[in-house]
Amino acid sequence: MRVAVDAMGGDNAPAIEVEGAVAASRQFGIPIVLVGDEDRLRQELDRHAASGLDITIHHASEVVGMHDSASDAVRKKRNSSVRLAFELVKDGQACAAVSAGNSGATMAAGMFVLKRISGIERPAIAQVFPTLEGKTLVLDVGGNVDCKASHLVQFAIMGQVYAKHALGIPNPRIGLLSNGEEDSKGNELTRETNAILRQTSLNYAGYVEGRDIFKGTVEVVVCDGFVGNVVLKLSEGLAEATGTMLKREIMGDMIAKMGYLFMRGAFKRFKKTVDYAEYGGAPLIGINGVGMICHGGSNAKAIKNAIRFAHDYATSGVTERIAEKLSENYGALFPRSNQSVPPVS
């Protein structure tokens, strides 16, 4: 099944999107449909000699800009590349949609076109972070800045299912991000969420602190989108600043330069570990389908890997399993109700 790529959304579209799509098709054999201005996309494909690859084009006459409001982008620009990418998923012509465009519009398009999984109040944007122990999934990292306890519990359920079936972690531990490990810490939102999570069947480890994310203390970290986005941007800035400071120290000292020659391999492996492009994008979890949100400034490598992760996500069965896990924990979420979560629609 094809992956639909919004080829007009990123800061350097469509050149980067086409280059990344060609690389994904060539390296992973994934069929791709590029969504955007047909003439421009054909010109870009010709530059990469992609005639033998399984890449098609779906014309879109409109583009959502970075300053367009999410609601206007979905309702007024019906022929935009991001909306049509999700329409292809809805119609069964693609298994996933990938976009490096306006993240708010991408999230809105995913929700509007594909709808939410039954029982999910708010989809979440998840991000994989490298850790000392492997990987940790953090959600939400920007989709929902104001949350209720039920939203965070649903993030925990979705995160555990995604980590298990899409990332291959057998029994992922879940932590709730707070300002201390003790149950007395946190605010009203985290304390209420903590109490509910302890009643669920999830592998819940309790509160975790910001430093625990990169230690790999747990495999899933839950927080509201305001806090999660601060964590994401701080981590990106720290990784970039660390690399720059390290380079300055090496270039400013002859002995350090000589040492670098012996440690060049280790530095390259470290850079690969913290490079966001290795993870491609952030899955939008909770919609009734697969959407991948990429950084606006993504390079071709990031687009390539986003396509690969989106394809893997689509074949993992995460959407169906989220509904099952919600039903399993429905009593803890809504203790006064005897109703069950309706099946995935």
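Helix α6 (residues 149-165) packs against helix α7 (residues 188-197) in this predicted model, with axes 9 Å apart and an angle of about 50 degrees between them. Axes here are lines fitted to C-alpha atoms, for helices over the stretch in contact, and angles run from 0 to 180 degrees between N-to-C directions. Helices (H or I, at least four residues) and strands (E, at least two) are DSSP runs, numbered from the N terminus. The pair α6 and α7 is therefore oblique, the class left over once angles under 35 degrees are taken as roughly parallel, over 145 as roughly antiparallel and 65 to 115 as roughly perpendicular. The crossing of α6 and α7 is right-handed, that is, the near helix is turned clockwise from the far one by less than a right angle, anticlockwise being left-handed. Ala 149, Leu 152, Val 153 and Ala 156 of α6 meet Leu 189, Glu 192, Thr 193, Ile 196 and Leu 197 of α7, where contact means heavy atoms within 4.5 Å. This contact has seven nonpolar residues, one polar and one charged; Ala, Val, Leu, Ile, Met, Phe, Trp, Tyr, Cys and Pro count as nonpolar, Asp, Glu, Lys and Arg as charged, and the others, Gly among them, as polar.

The crossing of α1 and α11 is right-handed. On the α1 side the contact includes Ile 16, Glu 17 and Phe 28, and on the α11 side Ile 303, Lys 304 and Arg 308 are among the residues involved. By class, the contact of α1 with α11 holds eight nonpolar, three polar and four charged residues.

Buried positions in α5 include Ala 105, Met 107, Val 113 and Leu 114, buried meaning under 20% relative accessible area, exposed over 50% and partly exposed in between (1.4 Å probe, protein chains only). The partners of the buried α5 residues include helices α3 (70-75) and α4 (81-90) and strand β5 (124-130).

Helix α4 also contains Ser 81, which counts as buried because its relative accessibility is 1%. Beyond its neighbours within four places in sequence, Ser 81 touches Asp 6, Met 8, Val 35, Gly 36, Ala 60 and Glu 62.

Residues are numbered from 1 along each chain as its sequence is written, and side-chain values use heavy atoms, with hydrogens and water left out. As the model is predicted, local features need pLDDT of at least 70 and side-chain atom pairs count only at pLDDT 80 or more, whereas totals for chains, interfaces and linings use all residues.
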